[in-house]
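Visitor: Could you take me through this chain step by step, giving the criteria behind each term as it comes up?

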Amino acid sequence: MFWVLLLLLAWAFAGSACTRLCLAAVRAAARDAAAAVDQERAHALTLYEAAFLSGGPARVADVTMVSMARQRRLLLAHTGWATVVDPRGHDEIEQSVIGAIGPQGQSRIQPVRARAAGAEAVRRLAGRLERAGLAVPDGAATTVAAAVRQVRAGALAVAVLGASALLLPLPTGTPRLLVGLWFALPLILSLSCLAITRFEVQPYSRWASPAGLRLLDTLTRRPAGDERSFLTSVAVRGIRAIGEPELRAAFTHRDQP
């Protein structure tokens with residue numbers, strides 16, 4: 001009766017994964033409902049907020065450096081170096097970028113990007129967005145996407161355990177079809193949860209909740225042409241939205257070995 005132990009394992013995998021998915025979906029729905037109420041009286045997203053919801057802390061650092069470079073307060077060379085022209089930051093995010101460059105006033109862009117993304121000012125920005133229900137809470141274990149991945153892994157585990165049980169010698173008189181049907185039950189449970197999630201659970205990005213995605217969608221509908229629209233495009237799409245080849249090369253430059 002070793003196949004019974006495998007069946008119990010299959011139910012444990014499927015049951016725990018589906019339970020986690022249901023709990024994550026309920027918590028996410030509650031957060032989104034609260035955010036939808038606040039969104040009616042919320043102001044439009046700032047440039048930093050749009051950058052964080054689109055690409056996370058690194059995107060905030062990118063759009064800050066691009067904004068400072070466009071104002072000639074920061075020089076971004078196509079060789080991958082950043083040089084401070086004006087050491088006075090207009091806000092705490094700019095001050096964190098200047099601080100990441102260091103007292104020498106010059107540094108490679110990639111280390112600056114990493115240090116600025118981990119600055120306290122960016123963490124406070126993330127906290128405000130999470131409390132407003134616009135950003136996905138930190139920690140992949142709490143997201144719906146992570147729960148969906150666990151259900152997929154659980155379904156795969158059930159299939160593997162079922163196949164293993166069918167390949168093992170079975171007690172005399174135990175039909176293999178019956179064993180297969182028993183393993184089909186947890187597999188159907190897992191696949192049903194995935195199907196329901198596909199149609200019922202609202203989409204989440206890595207950083208933005210459904211409420212955050214709706215606000216980002218309003219930004220993309222605005223007419224382009226001015227400086228604000230250009231920076232918004234960089235915040236939403238990243239450095240690939242930069243039309244200036246030398247400025248784009250500053251972020252994509254890599255040292256040759």
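Helices, cores and a sheet

Visitor: At what angle do helix α4 (residues 92-101) and α5 pack?
Guide: This is a predicted model, in which local features need pLDDT of at least 70 and side-chain atom pairs count only at pLDDT 80 or more, while totals for chains, interfaces and linings use all residues. Axes here are lines fitted to C-alpha atoms, for helices over the stretch in contact, and angles run from 0 to 180 degrees between N-to-C directions. The axes of α4 and α5 are 8 Å apart, and the two helices pack at an angle of about 135°.

Visitor: Which residues of α4 and α5 make the contact?
Guide: Contact means heavy atoms within 4.5 Å. On the α4 side the residues are Val97, Ala100 and Ile101, and on the α5 side they are Val112, Arg115 and Ala116.

Visitor: How many helices and strands does the chain have?
Guide: Residues are numbered from 1 along each chain as its sequence is written, and side-chain values use heavy atoms, with hydrogens and water left out. Helices (H or I, at least four residues) and strands (E, at least two) are DSSP runs, numbered from the N terminus. On that basis the chain has 11 helices and 3 strands.

Visitor: Why is helix α2 (residues 47-55) described as largely enclosed by the rest of the structure?
Guide: Buried means under 20% relative accessible area, exposed over 50% and partly exposed in between, with a 1.4 Å probe and protein chains only. Among the buried residues of α2 are Leu47, Tyr48, Phe52 and Leu53. The helix is largely enclosed because the buried residues number 8 of the 9.

Visitor: How do α2 and α3 cross?
Guide: Their axes come within 7 Å, and the contact includes Ala51 and Phe52 of α2 together with Val60 and Val63 of α3. The crossing angle is roughly 140°.

Visitor: Which residues touch the most other members of the largest nonpolar core?
Guide: A nonpolar core is a set of buried Ala, Val, Leu, Ile, Met, Phe, Trp, Tyr and Cys residues joined through side-chain atoms within 4.5 Å. The largest one has 47 residues, and those touching the most other members are Phe52, Leu53, Val60, Met65, Val66, Leu76 and Phe251.

Visitor: What order do the strands of the open sheet have?
Guide: Two strands pair if DSSP finds at least two bridges between them. Strands β1 and β2 (residues 81-84) are joined by 3 bridges and run antiparallel, with Ala82 of β2 as the bridge partner of Leu76. The open sheet has antiparallel pairing, and its 3 strands have the order β1-β2-β3.

Visitor: Which strands are the edge strands?
Guide: Each edge strand pairs on one side only. The two are β1 (74-76) and β3 (106-108).
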